[in-house]
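The following report goes through a structural model from its overall form to selected local features. The sequence and coordinates are shown first.

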Number of protein chains: 2
Amino acid sequence: MASCQARLERSLSHWLPAAGTHPSILHESMRYAVLDGGKRIRPTLVYASGRAVGSEPELLDDPASAIEFMHAYSLVHDDLPAMDDDDLRRGKPSCHKAYGEATAILAGDALQSLAFYVLGHGNTALTDQARHHMIEALALAAGSRGMAGGQCIDLAAAGQELDIAELEDMHIHKTGALIRCSVVLGALTNAQLEPDVLGKLDHYAKCIGLAFQIRDDILDEEGETGTLGKRSGSDRSSGKSTYPALIGLDAAKQRADELHEEAMDSLSGLGEPADPLRWISLYIIERDR
Amino acid sequence: MASCQARLERSLSHWLPAAGTHPSILHESMRYAVLDGGKRIRPTLVYASGRAVGSEPELLDDPASAIEFMHAYSLVHDDLPAMDDDDLRRGKPSCHKAYGEATAILAGDALQSLAFYVLGHGNTALTDQARHHMIEALALAAGSRGMAGGQCIDLAAAGQELDIAELEDMHIHKTGALIRCSVVLGALTNAQLEPDVLGKLDHYAKCIGLAFQIRDDILDEEGETGTLGKRSGSDRSSGKSTYPALIGLDAAKQRADELHEEAMDSLSGLGEPADPLRWISLYIIERDR
């Protein structure tokens, strides 16, 4: 996985226009929002999913980069004063703190465009058909019925006590859609993939997407700001519903463990090539940031 | 052209999720930002350019809708308090005035995703290759080296006196890129198009893109708020450089006329099918809103 991380950083830097490109403040802010930071879970899922279906890493750099640009844009916009109003992200001042609100809005907008540009322009080894299926999946996952919709649900829920069904509905949109999409993009690099394998990978992705969010809530409760790279307790203090608040800390940890087991089960029969997907699931429920 | 307008409105409404779709406030705001308003110049250019290269209207609905979604998103974000802070758009309260800032940011974000979704998912009669060339062109035109870059240049220029070269650089990015892209998307529906025809159409688009902006500046100087659907004089009063301010009102009108002539010349040899493109160029320099 370390070699994939190195590939990814090279690919991200390749696709981002140089900081001196006109208008330079915008390109600087885009690079600031993407490079040197983040756990890179979504692109790592692209590589791991691609490996599980037998695709070479060369095919995976572009979808991995596209998904990370999309994720980075969402963080920049989520942190804006009108949204979650966070001033710390990935251990640095958030984009609008560093570059101002207008530039941050535009940097997010341009990162979304860049995600689609990479899939439209990039990897000549991908078939045209794979490419447009990827674009369709990414656009759906990012849009109003996916990630953007989830952020809207999240904002509407501030100060309200959600029940578990409402909380999961929010997470399925806000973080689940893009995590599922990461696994799907990796799988789409194999044009001969059998539908039932895609179904298994998709179920795996659904489980870890939810486990990821539960772990996030647990860390918000237990973690330390220095390790997290963002303020601990910020969700609780801003009146957001969390799993620990709704079902208690122990039950939340147990639910994350169960989802990990379910994710493991859905990979049965995929053998050794799916090992990186297994490691990621374990990482997700054990991570401390 | 009237029949194209009707096609477009049907297509826009088809692609926009129904206002009741969860989360409904987001889908309501997206429909608010797109439907019942606007001159629809960009999608009209898609239909006109497609007609000039012999494509049936059926092939043009999707690219026309995609470009209008992209344009609508840019208006929603440009109007935000952190950007141009405009409270009136298309004769109605701007999106953030009607739905709040957070929802407006998300509506813009989701409209950009929707633009790519339409091109990735839509028209089965388009070849996969045409589709991904369209996506590449649209992503480049909308992103940091196109429209988003232009808005950044525009904001950085506020309160500064630009020279003509700087002003044109800004407009080439901010409005020119998407207008050129409209013409290119229409042309890309003909897979057998000769490169020199594409070159002619692109030159036409460059000329009318700039003429459009000059006319905008003239209207900002001369127009009335009620007709414009946005505040007249708002550019001037916010310290933005305009053509009339830099070269005078008469010289600005003359420059717009010259660009119209140049646009006409670049269509020579394309015959009657290019007539709608000719009408649009004339409309652009004569319009009063």
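## Overall form of the chain

In chain A, 71% of the contacts with a separation of 6 or more are made by residues 24 or more positions apart, where two residues are in contact if their C-beta atoms, placed from the backbone, lie within 7 Å. This is a predicted model, in which local features need pLDDT of at least 70 and side-chain atom pairs count only at pLDDT 80 or more, while totals for chains, interfaces and linings use all residues. Residues are numbered from 1 along each chain as its sequence is written, and chains are lettered from A and ligands numbered from 1 in the order in which they are written.

Chain A holds 15 helices and two strands, with helices (H or I, at least four residues) and strands (E, at least two) taken as DSSP runs and numbered from the N terminus. The C-alpha trace of chain A spans about 50 × 50 × 30 Å along its principal axes. A compact globule of 289 residues would have a radius of gyration near 19 Å, and the 18 Å of chain A agrees with that; the radius is taken over C-alpha atoms, and the globule rule is 2.2 Å times the number of residues to the power 0.38. Of the 289 residues of chain A, 57% count as buried. A residue is buried if 20 or more other C-beta atoms lie within 10 Å of its own, exposed if 12 or fewer, and partly exposed in between, with the C-beta atoms placed from the backbone.

## Two chains and their contact

The contact takes 43 residues from chain A and 43 residues from chain B. On the side of chain A that touches chain B, α2, α6, α7 (128-142) and α8 (147-157) each supply at least two residues, and α6(A) gives the most, with 14 residues. Because 100% of the interface residues of chain A are also interface residues in chain B, the copies meet through the same surface.

## Core and helices

The largest nonpolar core has 183 residues, of which A:A107, A:L111, A:L138, B:A107, B:L111 and B:L138 touch the most other members; such a core is a set of buried Ala, Val, Leu, Ile, Met, Phe, Trp, Tyr and Cys residues joined through C-beta atoms within 7 Å. Leaving aside neighbours within four places in sequence, A:L138 is in contact with A:A66, A:M70, A:A115, A:L119, A:C181 and A:L185.

| Helix | Residues in helix | Reach, first to last C-alpha | Expected span |
|---|---|---|---|
| α1(A) | 14 residues | 20 Å | 20 Å |
| α6(A) | 21 residues | 30 Å | 30 Å |

In α6(A), 19 of its 21 residues are buried, so that the helix is mostly covered. In α1(A), the buried residues are A:C4, A:L8, A:S11, A:L12 and A:W15. Seen down the axis of α1(A), the buried residues fall within an arc of 100 degrees, so they line one face of the helix; the arc is that of the directions from the helix axis to the C-beta atoms. They pack against α2 (24-34), α3 (41-52), α4 (61-78) and α6 (101-121) of chain A, whereas the face turned away from the buried side carries the exposed residues A:A2, A:S3, A:A6, A:R10 and A:H14.

In chain B, B:Q5 is found in helix α1 (residues 2-15) and is partly exposed, with 14 other C-beta atoms within 10 Å. The C-alpha atoms of B:Q5 and B:P43, 38 residues apart along the chain, are separated by 8.5 Å.

## Backbone exceptions

Most residues other than glycine have a negative phi, and most peptide bonds are trans. A cis peptide bond, with omega about -5 degrees, joins A:H22 and A:P23, and A:P23 has its place in the loop between α1 and α2 of chain A. In chain B, a cis peptide bond joins B:H22 and B:P23, with omega about -5 degrees, and B:P23 lies in the loop between α1 and α2 (24-34) of that chain.

A:R90, although not a glycine, has a positive phi of about 50 degrees. A:R90 is found in the loop between β1 (88-89) and β2 (92-93) of chain A and is buried, with 20 other C-beta atoms within 10 Å. B:D85, which is not a glycine, has a positive phi of about 50 degrees; its place is in the loop between α4 (61-78) and β1 (88-89) of chain B, and with 13 C-beta neighbours inside 10 Å it counts as partly exposed.

Terms used. Expected span 1.5 Å × (residues − 1).
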